[in-house]
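Here are my notes on the two-chain model you asked about.

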Amino acid sequence: MAAEGKTIDALSQFELSPVLGIFGDAVSFSQSNLFMVIAVALTVGLMTATANRAALIPGRLQALGEAAYEFIAGMVRDQVGDEGKKYFPFVFSIFMFVLFGNLLGMLPYAFTFTSHIVVTLTLAIVVFLVVTGIALARHGMHFFSYFFPEGAPVWLAPIIIPVEIISYFSRVVSLSVRLFANMVAGHVMLKVFATFVVLLGGLGAVGPFVAAMPLAVNIALVGFEFLVAFLQAYVFAILTSIYLHDAVHLH
Amino acid sequence: MRRVMMLAALAATLPTIAMAAGSSAVPVEGMPQLAFGHPTQGRLLIGQVVWQLLIFIALVYLMAKVALPRVGAVIEERHNRIAADLEAAQAAKAEADAAMAAHRASTEAARAEARSAVAGAVQAAQADADAKSAAVNARLNAQIAEAEARIDAARSSAMGALRGVATDAAEALVTRLVGRADRAAIEAAVGRELAARGRA
């Protein structure tokens, strides 16, 4: 496994491999995509189950679905205002996609698709394009005033405008790298300490006792990773909401 | 629908676990996330993004068109139901308050009526008693006055008789003492004496 030939191999867990036999191989459908499908299936399943129960007093599953709904709806309402209502499904999809991506990665043998920079970058670019599209559609050419704040001295324009443009584009980088780095770091740490458990466990009679230490670290890390899974999904969603606010209100 | 999806997800997972074991023939240098030059990893990385876009668009579509409006309707309905119930409770409370106030007012009115009836009855009884006692007093006063008049008459007649008796007695005494009596002088003397004693 990870401890082949007594070396620490923390990165092979991120390797892609096609699933669904030759079909998956032919269309480059990897296990990463499979877990995306599972994440979507779980999200859709949770929300349709919530809607199907439709009980006045919700049960546990319905309460979970409604809590997710109200959490993101409240976030969008607070950040964007009433105009944000039509963008709520988009923010909700982002949140659930990232959340289930992070959480599914906590299962043994599962693949964490949010640990791939191309995946988080694609999500960030989607957010960037949607937000910019909304801003252009709502404000037209006036949108470009976003890069030069009102009231700033005109002679500062050569400095302010490039800085604003760079910070606008760096949203893509910060969104994608934050999620990717968090997930990779967590999973690498889990793998490294798990490998320590195996390596130290083989040290004769004292092995099991020494191996208990990295095991304890790993147990703490698992709890920490669950926190990070929720936190990063929340950060992704709230940053999307804040960008939507900028797109709708221009500052 | 949910159960079907769960089963589909589960059925799709099984081959993954079986196939994930077979690692690629060419070793991956560095981070697999950035192995764009690797013969299989590079291809799969591109495929991953394409599939991700398709899957994510499907998710947004399903959320926007199917799932979220229904969940929103459920939550909306509950909010409306609670608001309506609260409104009904408010109305019922107002109604109860009004009924209570009406009840209190009618109780107050009845009490005032009873009080005035009692006062009237007391007053009437008082007046009746006063009239009766006045009549009795008048009758008694009349009787007293009559009796006093009779007493006065009796006394004056007795007083009249007293003068005669005194005159007769004095005449008899004088006659016995001196052998004769001057009636007229005795009468005058008796009259004087009576007048002196205030009994004329």
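1. Start with a helix pair: H4(A) passes H7(A) in a right-handed crossing (a crossing is right-handed if the near helix is turned clockwise from the far one by less than a right angle, and left-handed if anticlockwise). The two pack at an angle of about 160°, with their axes 8 Å apart; axes here are lines fitted to C-alpha atoms, for helices over the stretch in contact, and angles run from 0 to 180 degrees between N-to-C directions. On the H4(A) side the contact includes A:Val91, A:Ile94, A:Phe95 and A:Val98, while H7(A) contributes, among others, A:Ala233, A:Phe236, A:Ala237 and A:Thr240. Contact means that the C-beta atoms, placed from the backbone, lie within 7 Å.

2. Some housekeeping before going on. This is a predicted model, in which local features need pLDDT of at least 70 and side-chain atom pairs count only at pLDDT 80 or more, while totals for chains, interfaces and linings use all residues. Residues are numbered from 1 along each chain as its sequence is written, with chains lettered from A and ligands numbered from 1 in the order in which they are written.

3. What is chain A built from? It has seven helices and zero strands, where helices (H or I, at least four residues) and strands (E, at least two) are DSSP runs numbered from the N terminus. Its C-alpha trace spans about 75 × 55 × 40 Å along the principal axes. Of the contacts in chain A with a separation of 6 or more, 64% join residues 24 or more positions apart.

4. Chain B comes to three helices and zero strands. Buried residues make up 12% of its 200 residues, and in chain A they make up 40% of 251. Buried means 20 or more other C-beta atoms within 10 Å of the residue's own, with exposed at 12 or fewer and partly exposed in between; C-beta atoms are placed from the backbone.

5. Leaving out residues up to four places away in sequence, A:Val91 touches A:Ile72, A:Val76, A:Ala237, A:Thr240 and A:Ser241.

6. How do the chains meet? In total, 48 residues of chain B are in contact with 49 of chain A. Helix H1 (2–20) and H2 of chain B each supply at least two residues of that side of chain B, and H2(B) gives the most, 27 residues.

7. Last, the record. In an unreviewed entry, UniProt annotates residues 49–68 of chain B as "transmembrane region"; positions follow the numbering used here, feature names are shortened, and annotations may be inferred rather than shown by experiment. In the model that span is 100% helix, its end C-alpha atoms 26 Å apart. The chain A spans under this annotation include 87–111 and 219–244. Residues 219–244 are 100% helix, with end C-alpha atoms 38 Å apart, whereas 87–111 is 68% helix, with its ends 29 Å apart.

Note on methods:
Contact = placed C-beta atoms within 7 Å.
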